[in-house]
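Have the sequence and the model open side by side.

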Amino acid sequence: MTVRIFVPRDSSAVSVGADAVAKAIADEATRRAIPVAVIRNGSRGMLWLEPLVEVETPAGRVGYGPVTVADVPKLFDAGFDRGAPHPLCIGPVDAYPWLAKQERLCFARAGVTDPLSWSEYVAHGGSRGLRAALAMTGADAVAAVTESGLRGRGGAAFPTGIKWKTVLDTAADQKYVVCNADEGDSGTFSDRMVMEDDPFVLIEGMAIAGIATGATVGYIYLRSEYPYAERALMAAIETARSVGVLGDDVLGSGRRFELHVRRGAGAYICGEETSLLESLEGKRGMVRFKPPVPAISGLFGKPTVLNNVITFASIPIIFDRGATFYRDYGRGRSRGTLPIQLAGNIKQGGLVEKAFGVTLNELLYDFGGGSASGRPIRTVQVGGPLGAYIPESQFDVPLDYEAYASIGAMVGHGGIVVFDDTVDMARMARYAMEFCAIESCGKCTPCRIGSTRGVETIDRIIEGRDRGAQLAILEDLCNTMLSGSLCALGGMTPFPVMSALKHFPQDFGLGPDGLAAAA
Amino acid sequence: MQETQLQRVQEAVARCRDLPGALLPMLHAIQDDLGYVPPEAVPTIAKALALSRAEVHGVISFYHHFRSAPPGRHVIQVCRAEACQSIGAERLVARLRERLGIDFHGTTADGAVSLEAVYCLGNCACAPAVMVDGALRGRVTEAVLDEIIDTAALVDEHVGVAGGAR
Ligand SMILES: Cc1cc2nc3c(=O)[nH]c(=O)nc-3n(C[C@H](O)[C@H](O)[C@H](O)COP(=O)(O)O)c2cc1C
Ligand code: SF4
Ligand code: FES
Ligand code: FES
């Protein structure tokens with residue numbers, strides 16, 4: 001009997017050798033005359049175990065990882081094609097605690113299926129949400145999204161249903177659905193994983209948005225740093241057209257929805273929604289003044305549903321299982337689940353999807369297993385380059401939008417970057433200002449000029465030149481950026497800077513009270 | 001710009017000009033094909049889209065991705081964002097500078113390798129990350145970098161210098 005062996009095609013897995021391992025397994029099986037079918041699945045998100053090879057056995061799929069090409073003959077010797085023990089064996093993958101402890105709604109299929117197989121997608125629950133949405137009126141569909149409590153996962157956490165209702169209620173000859181797949185935050189890769197490991201769920205979510213609001217054309221604005229995701233999306237869209245999910249007659253409903261991929265060009269600011277729209281229109285990514293909001297006047301001046309990849313990918317299950325099912329996860333005003341990304345200096349990094357309310361302590365130690373270097377974790381940055389640095393004393397704050405806002409932090413897109421005790425926080429603060437200077441669209445003076453001044457000022461503080469005065473200047477600069485910037489790039493860069501200064505003054509050559517005395 | 005390059009620019013322009021918001025797809029089509037957007041292509045692009053040359057130039061220069069000069073035969077992009085920094089990206093940068101004798105935006109004198117900075121490749125759980133001619137690499141060490149550089153040089157010797165950049 002042919003043994004099915006799974007080797008992920010996810011780019012993270014490929015980046016650490018999955019292609020070569022897949023080939024080695026096929027070659028070695030041929031050599032030993034063992035009938036094997038190598039399937040390129042998505043990643044389960046246990047990225048520290050990649051390449052994670054899974055073997056289908058009567059008792060379920062058994063995992064081995066991280067596998068190198070050199071391990072392959074030894075795995076065969078051990079009988080891994082029957083699920084036999086080996087030092088790399090992690091046992092049945094579905095029961096592996098790191099995975100079993102998660103609440104996977106968005107990422108239910110990731111790693112389980114072949115991402116480009118429509119029939120597997122359907123066999124694992126795909127397309128039911130779209131069918132349900134097609135049977136509803138637009139108003140009912142939008143109401144379901146509102147009822148689910150879903151808030152945008154791109155960073156600003158705006159209620160998705162309200163946005164969709166505005167688009168539905170705005171009459172126009174053409175409306176658009178735009179997916180923000182710019183995923184520029186360091187420490188985030190959940191959008192990439194959806195696109196590479198379960199792209200149909202994004203396509204289905206966008207189609208539902210179109211059906212619900214009356215938009216017939218969609219665009220996915222994809223960052224140019226993601227060529228693997230681009231290839232996966234192109235292939236999935238092609239298949240979606242051929243099975244009638246996209247096109248003039250969505251699943252035989254007589255409704256139309258077409259979808260295109262557009263590539264960004266390496267500008268972080270183009271993740272900001274109005275800059276993204278400018279870019280899609282073929283212009284420089286200069287941030288627009290709001291109002292009008294994109295829901296009323298978006299792409300080419302038309303009403304536009306604009307959401308993040310994870311927001312759209314959360315939609316199908318809401319329509320399949322019902323709004324209440326989704327909103328029963330989470331706490332307070334943060335409903336549902338969040339795909340959290342554990343990144344940087346972490347032993348067991350990867351994708352953890354959990355209901356809101358999980359703490360950093362659980363994430364960093366129970367899931368993450370501590371730092372990769374083995375040294376103490378000193379701080380983490382949550383929410384990308386505009387997110388605050390969080391000290392250990394706050395690792396027990398429940399991860400939800402309001403709880404984080406109350407400590408001056410931000411959940412953002414759910415990326416967590418871990419630093420051990422060798423980190424120099426003055427350098428990280430300097431980097432935050434430098435990044436803002438590199439990526440500023442240039443429209444506002446506080447952001448464009450202030451960030452460059454910020455770099456210079458932090459340099460002087462590091463060198464110990466007139467620290468007291470320089471600190472006052474830095475604080476002043478941050479306040480000007482906070483209040484005088486049009487968008488969050490200029491407006492939130494002060495968060496990582498000020499949090500670093502507040503929690504780690506000694507790195508800036510200051511006394512524990514934040515005063516320049518220690519200079 | 002050579003005759004054949006101009007022809008290829010015109011083909012890309014013809015392919016993209018009718019798309020809504022055509023300029024970015026057009027610039028990508030040109031750079032995917034030639035490795036950069038030749039300044040001599042700007043008038044052709046501007047004419048096709050009824051834009052001024054300054055507008056086209058403004059767009060090209062706004063985006064970090066577009067190059068106005070040909071890259072080396074191989075392009076090494078190093079991630080310099082926070083997650084990669086937390087686990088040694090700056091050591092890689094130092095190693096690359098030392099081995100290649102160039103800085104970011106530079107190309108080695110023999111035209112073999114260009115060095116570029118990127119800010120996140122979405123491989124932050126397998127950091128530090130680099131991308132070599134469009135192929136993603138994770139958990140990169142200095143030894144792996146050496147191997148990448150040596151392979152790039154070797155490949156060139158064997159194929160007699162073919163196009164490397166995506
Ligand atoms: C500087 C900046 C960068 C941003 N980058 C992204 C991004 O890469 N992806 C994203 O989805 N949202 C990003 N956003 C947020 C978007 O402006 C917008 O709020 C979001 O795409 C809306 O979708 P959502 O409601 O589903 O979150 C960014 C915002 C700012 C100010
Ligand atoms: S804050 Fe910075 S990035 Fe945002 S609009 Fe102003 S200049 Fe542009
Ligand atoms: S445009 Fe002048 S400060 Fe924003
Ligand atoms: S920060 Fe380097 S890959 Fe994300």
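Here is a short tour of the sheet, its helix and one aspartate.

This is a predicted model, where local features need pLDDT of at least 70, side-chain atom pairs count only at pLDDT 80 or more, and totals for chains, interfaces and linings use all residues. Residues are numbered from 1 along each chain as written, chains are lettered from A and ligands numbered from 1 in the order written, and side-chain values use heavy atoms, leaving out hydrogens and water.

Five strands of chain A make an open sheet with mixed pairing, in the order E13-E12-E16-E14-E15. Strands here are DSSP E runs of at least two residues, and helices are H or I runs of at least four, numbered from the N terminus; two strands pair if DSSP finds at least two bridges between them. E13 and E15 of chain A each have a single partner strand, so one side of each has no neighbour in the sheet.

| Strand (chain A) | Residues |
|---|---|
| E13 | 350-355 |
| E15 | 389-391 |
| E14 | 377-382 |
| E12 | 337-344 |
| E16 | 415-420 |

E14(A) and E15(A) run antiparallel, joined by three bridges, and Gln381(A) stands opposite Tyr389(A).

Now for Asp420(A), found in strand E16 of chain A. Is Asp420(A) buried or exposed? Asp420(A) is buried (under 20% relative accessible area, 1.4 Å probe, protein chains only; exposed is over 50%, partly exposed in between).

Key:
Contact means heavy atoms within 4.5 Å. Axes are lines fitted to C-alpha atoms, for helices over the stretch in contact, and angles run from 0 to 180 degrees between N-to-C directions. Lys and Arg count as positive and Asp and Glu as negative; His and the chain ends are not counted. A salt bridge is a side-chain nitrogen of Lys or Arg within 4 Å of a carboxyl oxygen of Asp or Glu.
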